[in-house]
Amino acid sequence: MIEKVYVPPIKIQGIKTKIVEFISENVYLEENSTWHEPFMGSGVVGFNLAPIKAVFSDTNPHIIELYKAIQSGKITAKSVCEFLEYEGSILAEKEDEHYYFIRERFNEKHDPLDFLFLNRSCFNGMIRFNKSYEFNVPYGHKPKRFAKAYITKIVNQVRHLETVFSENDWEFHCCSFEETIARAGEGDFVYCDPPYIGRHVDYYDSWDEEQEIALKNALYASHAKFMLSTWDENKYRKNTYIDTVWDGCYKLNKEHFYHVGAKEKNRNSMMEALLMNYDPTTVPKRPLRAGEQLTLERMAL
Ligand SMILES: C[S@@+](CC[C@H](N)C(=O)[O-])C[C@H]1O[C@@H](n2cnc3c(N)ncnc32)[C@H](O)[C@@H]1O
């Protein structure tokens, strides 16, 4: 069971920090099996589950390059600290001008440290690239953006990765999900968190119905156990692809409450869904917490 959720140094839309525990409690990872995570994003899920053997991949080469550089020791907690202190002090003085200077430099040279700097100082910690694969998120104005405490937080996040990367046998690849899933064999586990279909996304890659079906076919063709993260419904909409594409899967729901503003009447709920090709009740579980609601359903074939 996960006692503390470690947050990775990269921020990304759709990051699963809040449901890492829910995911981990329902993952069926056997001894000696390899964890495959073809849509790793920030890596928060696999990094916290910390399996001994894992293959992490994503189509975004900048995420992969950063993690590979930390794994090889090319980038260290110390070099991150020095870099952010130096560039952060210029940012404090020149603000937008320096942010856009780094953005231009990154789009030309693709240095992973510049990527980290942009990711931690851009608007809302977003990752967004234009059609020419140039990072195009504007500056996220904040006085003292790289204050000492903020740098320490990022440095500690990198230090934690140095530790888990050195303790485990993990590979990082920049490739599409098909390649990673094709490597998974019987007894392995594939966790997928693709961009959500039917909702507006702006990732390195686009996502549509054709890809959702290609993902389903790749997963069904593999002999591995799999889990897919998706959204089920909110007050306004329902994810109809769960019934049309993922028929036959087991579905676990978890209601997630969030506030828009401070008022109680603005409390909204969102149903997160985990779809699996195995019965999650066979995974040893912890008891439910007060107020927690889980529902299990098997999708009709
Ligand atoms: C929802 S995010 C994953 C978030 C991640 N689980 C986390 O908690 O940080 C989806 C990821 O899929 C990647 N992606 C999009 N299309 C892809 C494809 N065809 N193959 C592999 N990765 C893809 C995006 O670059 C993005 O990092």
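Trainee: Is I151 buried or exposed?

Mentor: This is a predicted model in which local features need pLDDT of at least 70 and side-chain atom pairs count only at pLDDT 80 or more, while totals for chains, interfaces and linings use all residues. Residues are numbered from 1 along each chain as its sequence is written, and side-chain values use heavy atoms, with hydrogens and water left out. A residue is called buried under 20% relative accessible area, exposed over 50% and partly exposed in between, with a 1.4 Å probe and protein chains only. Because its relative accessibility is 5%, I151 counts as buried.

Trainee: Which residues does I151 touch, not counting residues up to four places away in sequence?

Mentor: Contact means that heavy atoms lie within 4.5 Å. With sequence neighbours up to four places away set aside, the residues that I151 touches are C81, L84, E85 and F146.

Trainee: How many aromatic pairs does the structure hold?

Mentor: Rings of Phe, Tyr and Trp (its six-membered ring) pair if their centres lie within 6.5 Å, and planes under 30 degrees apart count as stacked, over 60 as edge-to-face and the rest as tilted. By that rule, the number of aromatic pairs held by the structure is 27.

Trainee: Why is the pair of F47 and Y67 edge-to-face?

Mentor: Both F47 and Y67 are buried. Their ring centres are 5.2 Å apart, and the pair is edge-to-face because the angle between the ring planes is 80°.
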